[in-house]
Amino acid sequence: MPAESFIKKYLRQRVLPTIWCGGCGLGTVMRVIVKAFDDLKIDQDKLVVVSGIGCSSRMVGYIDANTVHTTHGRALPVATGIKLGRPELEVVVIMGDGDGAAIGGNHLIHASRRNIDLNVFLLNNGNYGMTSGQVSPMTPHAHYASTCPFGNLEHAFHLCDMVKSAGATYVARTTTFHYMQGVRLAREALKHKGFAFLEIYFQCPTYYGRFNKMTDAPTMLRWFKENAVRYNPEKPRELKKGQFYIGKLWEDNTKDEYTDLYCKLCNRAAEMVRVAK
Amino acid sequence: MGGAKGRTVLLQGNEACAMGAIYAGCRFFGGYPITPSTEIAEHFARKLPTVGGVFIQMEDEIASISAIIGASLAGVKSMTATSGPGFSLMQENLGLAAVLEAPVVIVNIMRSGASTGHPTGTGQADLMQSRWGTHGDHPVVVLAPATAQEMFDLTVKAFNISEKLRLPVVLLPEAVVGHIREAVYIPTEGEMEVLDRKRPDSYENLLFFRRDENGVAHPPDLGTGHRPHYTGLTHDEDGFFTAEPGKVNAFTVGLNSKLELHSDLLTDYREDAVEDAEIVMVSFGVTARVCSHITRSLRKKGVKAGSFRPRIVWPFPEKRLKQIAQNAHTFIVPELNLGQMRSTVQCAVGQDKRVVGINRVDGTMLTLERTLEEVKKVLN
């Protein structure tokens, strides 16, 4: 399929163009996600995409599927209800770093713990773009934002490590510089049965970049390129300051998925009732 | 219920509520433990898996209401149960349910007091929160059962209203009603009306949120081939965000008009000897159980007294109270709070009427003796 047509197929053209700023990385991220949908021939009628609040969460409006734009941080528990209500649906969650690491952080660790079959794309631009550039739990230490004009005293989460230790069974990271890798990892996440988490760094030159002397998209993409280190589990290496791993960081196919377990529980319970009668 | 083939069993109010929900077709419960509501979750945990339903204990009350909204959008009748502190946490997405027009039922077994309050004490502290707890103009219907039987019956009714009007419905019993054990008649299948949401086969021009002649929109369940977009933002008939003043106005007015357009369905009260009454006791839930006793004994002594109990407290039945106020000059409003319904009654009957509250906030009940004593003071 020529490049144009998968975009036409998976996007609602009647509501384009997007609201995103010039240079924003979300357009690239959206392309990565819908390319993965197309590669896997995901049925749009059975695809549900759920989001929270923020720039990245607006993406669901543009994706031609069953879409739910919820409240700030609450995409995961809403998606949990959808998946448990109709386990046969493909449920994807798109949220920003404010959604996933701040206001919805508790939901993130618990959804990971359950290992429910949700595909989470956490789009991380290191600040609150929608409200014009406040510090987020993913803003690096000593970087700047409108609410830390003298430098960030706090430290960013290692989100991938966090969801792994909470019980997620597929964990990966990429950036908008690494388009081909992004599509590959998105496909893997979608195919994975269990809680799959893909963190995607994307550039926000309008706010994050402006506060941190990277005022255009190419400068920010170069920053991703220069600091990204491809993860190889055979050869772990010491990361220098500012560096981060990209690639598949973790996969565990031994743990049962939650809706499968629930289905088995129902069968057991129904059998117990039958025997008791 | 002469001639009916159901069965009568001794049940706790909370159990009756869960059984009513399953009778009404509820197949998804998401909740978080909190006294005095927990027996509802425990009942669902045992029963839902045996009927193909889903029980899940979520990480908090915010997640609980989120999960039931998700399940409802997926087409499954859904419910959660909590008490005051948890209900406070649910306010955010109670608004979301109203705006998404997701039918859900939220049970708030009321305890006493603000904050953590008095967890095992009974109260009626959340009358106002149930109506106005979440921000913005939004429709919500609130039912107040007074007996274990009504915990069953009004739960069924709550689901019917929520499916028919596509809005969140709150069931608001007191701790005492949740924990009381009484005989409850369980009807046979089909004996009580059970309503399901409308599911149109097709939509003109993808206008999933267009209101029908009854003011109700019927957006499709997720995954049924229509590909709707649901958002908590103000939206147009196609479901997408709009900031156009005319359309924002149409959205908010349309959403809220469901209550007014269905005032017949949403008016449900019990009254006793109010036609010629000069003194009327107005009360809801368990507090109302003593009122009819008191007004009947006053009648025997020649006092023209009557009693009035809304079973649907929001929308408040002000039309009926206004009629009653044509004869009555005094209204006595006993409540287990500091006067949340008193002011509502005053608004309904007019400022020229005498409206007196009898209030207790100590976690105990307004007993017959205590209430009678207070009523006598009002009459003297």
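This is a predicted model: local features need pLDDT of at least 70, side-chain atom pairs count only at pLDDT 80 or more; totals for chains, interfaces and linings use all residues.

Residues are numbered from 1 along each chain as its sequence is written, while chains are lettered from A and ligands numbered from 1 in the order in which they are written.

Me: How many residues of chain A are in contact with chain B?
Reply: Contact means that the C-beta atoms of two residues, placed from the backbone, lie within 7 Å. Chain B brings 36 residues to the contact. On the side of chain A, the number is 34.

Me: Which element gives the largest share of the side of chain A that touches chain B?
Reply: Helices (H or I, at least four residues) and strands (E, at least two) are DSSP runs, numbered from the N terminus. Strand E2 (66-69), helix H4 (75-85), helix H6 (105-114) and helix H11 (258-276) of chain A each give two or more residues. The largest share is 8 residues, and it comes from H4(A).

Me: How many residues on the side of chain A that touches chain B are charged?
Reply: Ala, Val, Leu, Ile, Met, Phe, Trp, Tyr, Cys and Pro count as nonpolar, Asp, Glu, Lys and Arg as charged, and the others, Gly among them, as polar. This side has 16 nonpolar and 13 polar residues. The charged ones number 5.

Me: Which residue of E9(B) stands opposite Val68(A)?
Reply: Strands pair if DSSP finds at least two bridges between them. E2(A) and strand E9 (residues 229-231) of chain B pair in the parallel sense, over 3 bridges. Opposite Val68(A) stands Tyr230(B).

Me: Why is H4(A) called oblique to H3(B)?
Reply: Axes are lines fitted to C-alpha atoms, for helices over the stretch in contact, and angles run from 0 to 180 degrees between N-to-C directions. Angles under 35 degrees count as roughly parallel, over 145 as roughly antiparallel, 65 to 115 as roughly perpendicular and the rest as oblique. The axes of H4(A) and H3(B) are 6 Å apart, at an angle of about 45 degrees. That angle makes the pair oblique.

Me: How many charged residues does the contact of H4(A) with H3(B) have?
Reply: Val78(A) and Ile82(A) are among the residues that H4(A) brings, and Ala67(B) and Gly70(B) among those of H3(B). The contact divides into 11 nonpolar and 5 polar residues. Of charged residues it has none.

Me: At what angle do H3(B) and H4(B) pack?
Reply: Helix H3 (residues 61-73) and helix H4 (residues 84-100) of chain B have their axes 7 Å apart. They are roughly parallel, therefore, to each other. The angle is about 25 degrees.

Me: Which are the edge strands of the open sheet in chain B?
Reply: The sheet has 5 strands in the order E10-E12-E11-E14-E15, with mixed pairing. An edge strand pairs on one side only. Those strands are E10 (269-272) and E15 (354-359) of chain B.

Me: Which residue is the bridge partner of Glu335(B) in E15(B)?
Reply: Strand E14 (residues 330-335) of chain B runs parallel to E15(B), joined by 6 bridges. Within this pair, Val333(B) stands opposite Gly357(B). The partner of Glu335(B) is Asn359(B).
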